[in-house]
Amino acid sequence: MAPDPRNLASLIEATADRDIKAGEELSYDYSLYDGDLEDPSLCFCGANECRGSMYSEDELKKREKMMAKAAKKKIGRRKHGRQTVNGS
Ligand SMILES: [Zn+2]
């Protein structure tokens, strides 16, 4: 049975590296992995060390390779995509 997504929040435990003021906005690094290649999952947190993406560094490297592969395939398809009519 798949876990109920409404219960996932109760499975996440976070620890702060510093004291948090009351009312302070909190954010954390999602470090997503295995995302849809079409989904850039951009991050707009504004932190100096922001990667610009909610994906983990490892996932970003993996996606870069996958996108390069996909681009090569598209070029290949275009090159060999011409259809010929053989009269049958
Ligand atoms: Zn960010």
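**The segment before helix 1**

Tutor: Asp34 sits in the segment before helix 1, which spans residues 57-80. Helices here are DSSP runs of H or I with at least four residues, strands are runs of E with at least two, and both are numbered from the N terminus. Numbering of residues starts from 1 along each chain, as its sequence is written. The model is predicted, so local features need pLDDT of at least 70 and side-chain atom pairs count only at pLDDT 80 or more, while totals for chains, interfaces and linings use all residues.

Start with the backbone. Asp34 has a phi near 55 degrees, a positive value in a residue other than glycine. Most residues other than glycine have a negative phi. Ser41 also lies in the segment before helix 1. The phi of Ser41 is near 40 degrees, again positive in a residue other than glycine.

Now exposure. A residue is buried with 20 or more other C-beta atoms within 10 Å of its own, exposed with 12 or fewer, and partly exposed in between; the C-beta atoms are placed from the backbone. Asp34 has 8 other C-beta atoms within 10 Å, so Asp34 is exposed. Ser41 has 13 within 10 Å and is therefore partly exposed.

Asp36 belongs to the segment before helix 1 as well. Asp36 counts as exposed because 7 C-beta neighbours fall inside 10 Å. The C-alpha atoms of Asp36 and Arg63 are separated by 9.4 Å. Along the chain, these two residues are 27 apart.

Now the whole chain. The secondary structure comes to one helix and zero strands. Of the 88 residues, 2% count as buried. Contacts are pairs whose C-beta atoms, placed from the backbone, lie within 7 Å. Among contacts with a separation of 6 or more, 29% join residues 24 or more positions apart.

Terms used:
Two residues are in contact if their C-beta atoms, placed from the backbone, lie within 7 Å.
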